[in-house]
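Here is a short report on a two-chain model. Look over the sequence and the structure first, then read on.

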Amino acid sequence: MNARILMLAGALGGLVAPAAARAQSERLAGRLDDRTRAAVTALVDSARAAGLPADPLVNKALEGASKGADGARIAAAVRALAGDLTRTRAVLGRTATEAELVAGAAALRAGATPAFLERLRADYPREPLVVPLAVMADLVARGVPADTAVRSVLALVRTGMREAELVAFRQSVERDVALGAPAGAAAAVRVNAAERDFANTATGQQPPSAPPRPRKP
Amino acid sequence: MHGTADDPLIARIAAELRRPVPLRPDFDARVMAAVRRAIPSLPVRAWTWLREPRVVAVSPLGGLAMAAGLAGLLVVGTISRKPSAISRQQSAVSRQPSAVSRQQAAVGRQPSAVGAGAAASVTFVLVAPQARSVALAGDFNDWDAARVLMRREASGLWTVDVPLAPGRYRYVFVVDGRRFVADPAAPRAVGDDFGTPTSVVTVGGGALRAAGGSL
């Protein structure tokens with residue numbers, strides 16, 4: 001029975017995979033020269049065979065084509081992304097979504113270590129990690145040192161921040177940097193404030209900056 | 001009264017039965033032709049086979065595998081149509097872009113899970129009073145600027161709403177059909193591969209809550 005199920009699943013997979021490959025090939029048609037398209041297609045096919053999502057690789061090739069990059073540069077960029085996706089999946093596991101793999105690859109590119117990804121996944125095995133990973137990469141892009149960004153995100157997630165609050169934190173740091181604060185210091189100050197608020201909430205104390213609650217008559 | 005083999009009548013009947021029957025020479029050929037005529041043609045047999053009721057036994061696991069396969073086919077069909085889901089926008093007339101833009105990411109607005117495919121509407125805005133046209137190119141539209149043209153509003157504000165599923169997307173504004181402009185209000189992509197600044201937008205979909213994790 002198991003063999004029959006495997007055959008059935010294989011047959012269905014055999015129907016789906018060529019359809020996906022055909023769709024991706026159509027997206028590349030007319031956007032890349034023949035040589036570049038062959039190189040990119042080989043990389044995409046290889047990634048697909050390894051169980052990696054192909055769409056991000058196709059997107060990377062199309063980005064290069066749109067920006068007028070030469071074929072060698074496009075192929076190199078696609079290859080580099082495939083490597084980042086492979087490393088990300090090795091850490092996050094086969095259950096990681098495509099969005100998580102893309103965000104994880106961006107975080108690695110920004111300077112996060114695989115240990116950071118591993119820590120996030122271990123702490124939150126069932127939560128989507130797209131936003132924490134993206135915030136880490138975005139902080140680095142704003143000039144926050146990578147290790148500071150990693151520590152910040154881990155600390156903030158530990159305080160129970162939701163996705164929207166993580167993004168608000170990033171925006172606060174961006175504002176501080178725009179006003180002239182050193183990026184690393186801005187992130188550290190904001191994280192300390194968030195941790196202080198979290199500690200006060202946990203112990204039932206009000207944060208020092210909060211206005212006093214009106215007393216009941 | 002019972003007859004025996006010695007009975008002359010029985011012996012005569014037996015001899016008559018044992019006598020070879022004379023056949024015409026084309027007898028075999030005529031029989032085979034009749035047999036062939038009796039067998040229906042391949043399409044008729046196929047149609048009969050298809051119409052004939054059958055009992056098909058499928059285990060629960062087999063049924064689940066089939067359902068998963070069908071769902072996979074649907075997903076692939078949806079993905080292949082994704083670019084066309086983004087509506088085309090009319091461009092307007094202006095000239096040079098300014099350095100100010102605004103972009104509202106949809107992080108936190110949508111409570112559904114990442115990967116569930118629920119799209120959030122993300123508004124992209126660029127202030128470019130001098131621009132003649134502004135388009136949007138990114139991971140969500142195959143980096144094809146012709147697919148998402150932004151519309152001009154008051155004071156040189158160019159906007160467009162794009163439905164995006166949870167995820168992280170790279171994008172640029174394309175001003176006057178030839179100039180790539182990163183979104184000044186959005187984070188930049190780290191390590192641009194093609195020498196032009198690129199912005200990123202992250203669309204969340206989860207409700208991340210710490211569950212006692214430790215540093």
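Is Val148(B) buried or exposed? Val148(B) is buried, because 24 other C-beta atoms lie within 10 Å. A residue is buried if 20 or more other C-beta atoms lie within 10 Å of its own, exposed if 12 or fewer, and partly exposed in between, with C-beta atoms placed from the backbone.

**Ground rules**

This is a predicted model: local features need pLDDT of at least 70, side-chain atom pairs count only at pLDDT 80 or more, and totals for chains, interfaces and linings use all residues. Residues are numbered from 1 along each chain as its sequence is written, while chains are lettered from A and ligands numbered from 1 in the order in which they are written.

**Confidence**

The model scores ipTM 0.80 and pTM 0.65. The per-residue score is pLDDT, the predictor's confidence in each residue, from 0 to 100. Chain A averages a pLDDT of 86, and 86% of its residues score at least 70. Two residues are in contact if their C-beta atoms, placed from the backbone, lie within 7 Å.

Chain B averages a pLDDT of 73, with 70% of the residues at 70 or above. In chain B, residues 78-116 have pLDDT below 50, yet the model gives this stretch 109 contacts beyond near neighbours in sequence. Residues 207-215 of chain B also stay under 50, with 23 contacts beyond four places in sequence.

**Chain A**

Chain A has 10 helices and 0 strands. Helices (H or I, at least four residues) and strands (E, at least two) are DSSP runs, numbered from the N terminus. Buried residues make up 40% of the 217 residues in chain A. Of the contacts in chain A with a separation of 6 or more, 64% are between residues 24 or more positions apart.

Two helix pairs are worth a look. Packed helices are described by the angle between their axes and the distance between the axes. Axes are lines fitted to C-alpha atoms, for helices over the stretch in contact, and angles run from 0 to 180 degrees between N-to-C directions.

| Helix pair | Angle | Axis distance |
|---|---|---|
| H8(A) (residues 146-158) and H10(A) (residues 183-203) | about 15° | 10 Å |
| H2(A) (residues 34-49) and H4(A) (residues 71-92) | roughly 5° | within 9 Å |

H2(A) is therefore roughly parallel to H4(A). Angles under 35 degrees count as roughly parallel, over 145 as roughly antiparallel, 65 to 115 as roughly perpendicular and the rest as oblique. From H2(A), the contact uses Arg35(A), Thr36(A), Ala39(A), Val40(A), Leu43(A) and Ala47(A). They meet Gly71(A), Ile74(A), Ala75(A), Val78(A), Arg79(A) and Ala82(A) in H4(A). By class, the contact of H2(A) with H4(A) has 8 nonpolar, 2 polar and 2 charged residues. Here Ala, Val, Leu, Ile, Met, Phe, Trp, Tyr, Cys and Pro count as nonpolar, Asp, Glu, Lys and Arg as charged, and the others, Gly among them, as polar.

H8(A) and H10(A) are also roughly parallel to each other. H8(A) supplies Thr148(A), Ala149(A), Ser152(A), Ala155(A) and Leu156(A) to the contact. H10(A) supplies Gly184(A), Ala187(A), Ala188(A), Val191(A), Ala194(A) and Glu195(A). The contact of H8(A) with H10(A) has 7 nonpolar, 3 polar and 1 charged residues.

**Chain B**

Chain B has 4 helices and 8 strands. Along the sequence, the pattern is α-α-α-α-β-β-β-β-β-β-β-β. Buried residues make up 30% of the 215 residues in chain B. Among contacts in chain B between residues at least 6 apart in sequence, 69% join residues at least 24 apart.

Back to Val148(B). Val148(B) sits in the loop between strand S3 (134-138) and strand S4 (151-152) of chain B. Val148(B) and Val162(B) are 14 residues apart in sequence and 8.5 Å apart in space, C-alpha to C-alpha.

The loop between S3 and S4 of chain B also holds Asp142(B). Asp142(B) counts as buried, with 20 C-beta neighbours inside 10 Å. Its phi is near 60°, a positive value in a residue other than glycine. Most residues other than glycine have a negative phi. Asp176(B) has a positive phi too, near 55°. Asp176(B) lies in the loop between strand S6 (167-175) and strand S7 (179-181) of chain B. Asp176(B) is partly exposed, because 18 other C-beta atoms lie within 10 Å.
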